[in-house]
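Here are my notes on the model you asked me to look over. Have the viewer open as you read.

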Amino acid sequence: MNYHWNWHVYLDQVSAGDERYLDWIISALGWTIAVSMSAWLIALTLGALIGTLRTAPNRWLVAIGNVWVEGFRNVPLLVQLFLWFFVVPEFLPAELSRWVKQDMPAKEFFTAAICLGLFTSARVAEQVRAGIQSLPRGQKMASLAMGFTLPQTYRYVLLPMAFRIVIPPLTSEFMNIIKNSSVAFAIGLMELTFISRQMIEESGQVFESLLAATLLYTICAFSANRVMTYIEKRTRVPGYIAGAK
Amino acid sequence: MISRTALVATLLGALFASNAQAQSLDGTLKKIKDSGTITLGIRESSIPLSYLDAAQKPVGYHIDICNRIVDSIKQKLALPNLKVNTQAVTSQNRIPLVTNGTVDLECGSTTNNAARQNQVAFAPTTYVTTVRMAVKKSSGINSLSQLDGKPVATTTGTTSVQLMRAHEKGKGVNFKEVYGKDHADSFLMLASDRAVAFVMDDNLLAGLIASSQNPGDFAVVGEPLSVEPIAIMFRKDDPQFKGLVHSAVRDLIKSGEVEKLYTKWFTQPIPPKNANLALPMSDALKGALKTPNDAPAEQYNKK
């Protein structure tokens, strides 16, 4: 294969600009991290709430949880992103719609963070539900028998253990959210995938551009993995299944 | 006895002849001869240069030119039954697919520029595009200077992104860029008022407008941001193949065939919707056809 490698390309200046490709990559990494972290915050908060609702002893609460989870996990992520970006603004009042479409600051960022957060919240909710349901039924009964109210039972007895149990699958979700943030290029957020495509176009150095993006995604996902493993170790309850050695 | 001698002589002769030919062939031509196939890279929506028609068959101006080049290859290699495969490519993968040997001849809408000439080679320029903008007629916009502070769409991974950056720097204006992942998405941004203009190659804009729901609502306006030679692309450092492609394209230009094909694809109704792009040949293209060359975009935009 006659490909001409050029490892200096990162330090080359972009045409018609004051920056180097490296500056582009660094700012793109910033967007990737920002969108992943914001989405993860949304996903954890809503996921914990919805997951808990799905185990509640109330038909209506369970139904809300079911609709939420099935809605967000049965539609492809890219389709959801396009729905939020292109379709939802059309249903807003005319003035607001125009503002959202043209003047809203960082609209790509907010759309991507919210979309990715909601999508992942459905997955987190399922894991939280699984965690709660994996606890022996006796724990809930004992707690209620001791006079805890239902919210107190969740707060002090069920959730603390359930969260510890689901840390390993949550780790995967955290890593997934970083990798899934790459779909945001489709609505024009200047994150790693976007910048690597643009760098391919402008520098002609396909593999160097893709390698930089690949390496940075790997480092981010692996860092997320290490952080979660640390949390798993720090929060383990001695003698209990989660994090036991 | 005599017939056997004759047979041996013929066989020996054939052996030598094929040996001689095999030795004289190298690179892409040898690959084509050995495999009996050639792979053309095609685009799915680069109207009218290279795109899929209603039956998902690749058609277009550059597809026609490539088929003529394939005819010359058949003749040169004496392979009348040469098998022609097609492989869809995108802006992102077209260069790697050419350099790694998947695609032998890329018949798409690739700008010939200096950065790309480090990786690949180009046939003589057969189309010259002008980068301009599509707007909604109702917006009343007819110049780039009216776009200061306004959202302007273009497609990720295209030269237009860098042209807009250069224009902003040179003219001290500030666009709010929004990016579609492909031309259809960028056009949707314009149609849905996410952007007031869409900056792109004029032939692509004309194609998108012609195939949109209300072609009358849109217009291509404004001063050109850049003029870019578009050409068929193939592997670099392959003098034999380059010689054949270049002489084939030059013959097509000289015989007036290219002009005929241009008329067919740019000024007459074309599939799939029988729309007419109505883009008469530009002076830049006329110049490029007068003296066929593979000069990069940088030479077209020297001021």
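This is a predicted model: local features need pLDDT of at least 70, side-chain atom pairs count only at pLDDT 80 or more; totals for chains, interfaces and linings use all residues.

1. Let's start where the chains meet. Chain A puts 23 residues into the contact, and chain B puts in 32 residues. On the chain A side, α4 (94–103) and α9 (192–203) each supply at least two residues. The top contributor on that side is α9(A), with 7 residues.

2. Next, the largest nonpolar core, which has 137 residues. Helix α1 (residues 21–53) of chain A provides the largest share of this core, 14 residues. On chain B, domain 1 (25–128 + 229–300) and domain 2 (129–223) each give the core at least three residues.

3. Which residues touch the most other members of that core? They are B:Ala197 and B:Phe198. Leaving out residues up to four places away in sequence, B:Ala197 touches B:Met133, B:Ala134, B:Val135, B:Ile141, B:Leu147, B:Val152 and B:Leu190.

4. Last, a helix pair in chain B. Helix α2 (residues 27–35) packs against helix α9 (residues 239–254) at an angle of about 85°, and their axes are 5 Å apart. Angles of 65 to 115 degrees count as roughly perpendicular, so α2(B) and α9(B) are roughly perpendicular to each other. In this pair, B:Gly27, B:Thr28 and B:Leu29 of α2(B) meet B:Gln240, B:Phe241 and B:Leu244 of α9(B). That contact has 3 nonpolar and 3 polar residues, with no charged ones.

Notes. Residues are numbered from 1 along each chain as its sequence is written. Chains are lettered from A and ligands numbered from 1 in the order in which they are written. Two residues are in contact if their C-beta atoms, placed from the backbone, lie within 7 Å. Helices (H or I, at least four residues) and strands (E, at least two) are DSSP runs, numbered from the N terminus. A nonpolar core is a set of buried Ala, Val, Leu, Ile, Met, Phe, Trp, Tyr and Cys residues joined through C-beta atoms within 7 Å. A residue is buried if 20 or more other C-beta atoms lie within 10 Å of its own, exposed if 12 or fewer, and partly exposed in between; C-beta atoms are placed from the backbone. Domain bounds come from an automatic or database domain assignment. Axes are lines fitted to C-alpha atoms, for helices over the stretch in contact, and angles run from 0 to 180 degrees between N-to-C directions. Angles under 35 degrees count as roughly parallel, over 145 as roughly antiparallel, 65 to 115 as roughly perpendicular and the rest as oblique. Ala, Val, Leu, Ile, Met, Phe, Trp, Tyr, Cys and Pro count as nonpolar, Asp, Glu, Lys and Arg as charged, and the others, Gly among them, as polar.
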